[in-house]
Amino acid sequence: MIFHHIQFTRTSRNAKTGPIPVTTTSEETCAHACPLKANGCYAEGGPLAILWRKVTERKAGLAWDAAMAEIAKLPKGTLWRHNQAGDLPGMGDAIDREAMAGLVRANRGKRGYTYTHKPMDADNAAAVVDAIGQGFAVNLSANDLAHADELAALNIAPVVVVLPADATRATVTPQGRKIAICPATISDNVTCATCGLCALTGRKAIIGFPAHGASKRKATAVAMAA
Ligand code: SF4
């Protein structure tokens, strides 16, 4: 069992998520495969970067099990976001199955959702399938539209994709899959608290996130690299 560190925030002040519970997991969980790592990740700038560094240095947050206990205490049906920064448990590209099982257990009866950049090898895909089957919405994060097609073709989990910063209209992938733009990125009247699309485990529509944050030019370059 790998013990990561997690900040559990009961009521987020993030304008995009709205006032829902969110977590921030120590940086060693981030996939080596993620092209946004030190290259346009929105979490590497602003106040979130400061919090994330403290969590990674174990100067803020809780040990993994204590954070799971906080999540387990959330009222039934609570919409919450796992990882405003960080990835699924496990070092780098791997998913730690024991820790993942604990996370899925803590979410029972709630509407947790998260995103992963970990590569979908057989072991990781099995962990994601299990999480989805038990109601924890793991969204597979694609780096560009062609990658979104690849991940959607796996048919194991909902898919999201980073788009160039100026994308504001629905678009399609090279294979014709529709991309809906995250409504919170184009309207001040929508937050995750009122939308909840990312928490739908059976969602077929791919959600696109226009690159944002201090490094949006680099993230845009990643989205356009295909
Ligand atoms: S699609 Fe909805 S739930 Fe997902 S990030 Fe955007 S606002 Fe939040």
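**Pockets, sheet and loops**

Reply: Happy to. The second largest pocket has a volume of about 200 Å³. A pocket here is an open set of points on a 1 Å grid over the protein atoms alone, with protein on both sides within 12 Å along at least five of seven lines, and lining residues have an atom within 4 Å of a point. Grid points are joined across faces, edges and corners, and a volume is the space filled by probe spheres set on the points.

Me: Before we go on, what kind of model is this, and how are residues numbered?

Reply: This is a predicted model, in which local features need pLDDT of at least 70, side-chain atom pairs count only at pLDDT 80 or more, and totals for chains, interfaces and linings use all residues. Residues are numbered from 1 along each chain as its sequence is written, and side-chain values use heavy atoms, with hydrogens and water left out.

Me: Thanks. Which residues lie nearest the centre of that second largest pocket?

Reply: A152, N155, A157, R203 and K204, out of 14 lining residues. By class, the lining has seven nonpolar, three polar and four charged residues. Ala, Val, Leu, Ile, Met, Phe, Trp, Tyr, Cys and Pro count as nonpolar, Asp, Glu, Lys and Arg as charged, and the others, Gly among them, as polar.

Me: Is N155 buried or exposed?

Reply: N155 counts as exposed because its relative accessibility is 58%. The cut-offs are under 20% relative accessible area for buried and over 50% for exposed, with partly exposed in between (1.4 Å probe, protein chains only).

Me: What about R58, what is its phi?

Reply: Phi of R58 is near 65°, also a positive value in a residue other than glycine. R58 lies in the loop between α1 (46–56) and β3, and with a relative accessible area of 37% R58 is partly exposed.

Me: New topic: the sheet. In what order do the strands run?

Reply: Ten strands form an open sheet in the order β3-β1-β2-β4-β5-β6-β7-β10-β9-β8, with mixed pairing. β3 (62–63) and β8 (171–172) stand at the edges with a single partner strand each, so one side of each is left without a neighbour in the sheet. Two strands pair if DSSP finds at least two bridges between them.

Me: And β7, which strands is it joined to?

Reply: β6 (residues 137–142) runs parallel to β7 and is joined to it by three bridges, with V159 as the partner of L140. On β7's pairing with β10 (residues 206–210), there are four bridges, again parallel, and V162 stands opposite F209.

Me: How many residues of β7 are buried?

Reply: Five of its five residues. V159, V161 and L163 point one way, while V160 and V162 point the other. In a regular strand the side chains alternate between the two faces of the sheet.

Me: What sort of unit do β6, α5 and β7 make?

Reply: A right-handed β-α-β unit, with α5 covering residues 145–154. Right-handed means that, with the strands pointing away from the viewer, the path from the first strand over the helix to the second runs clockwise.

Me: A148 is in that helix. What is A148 in contact with?

Reply: Leaving aside neighbours within four places in sequence, A148 contacts A142, V159, V161, T173 and I206. Contact means heavy atoms within 4.5 Å. A148 counts as buried because its relative accessibility is 0%.

Me: Back to pockets. What is the volume of the largest one?

Reply: About 1100 Å³. The largest pocket is lined by 47 residues, and Y42, A43, L48, R81 and Q84 lie nearest its centre. Helix α1 gives the most to that lining, with five residues.

Me: How many cavities of 30 Å³ or more are there?

Reply: One, from a search of the whole structure. A cavity is a set of points where a 1.4 Å probe fits but cannot get out.

Notes: Helices (H or I, at least four residues) and strands (E, at least two) are DSSP runs, numbered from the N terminus.
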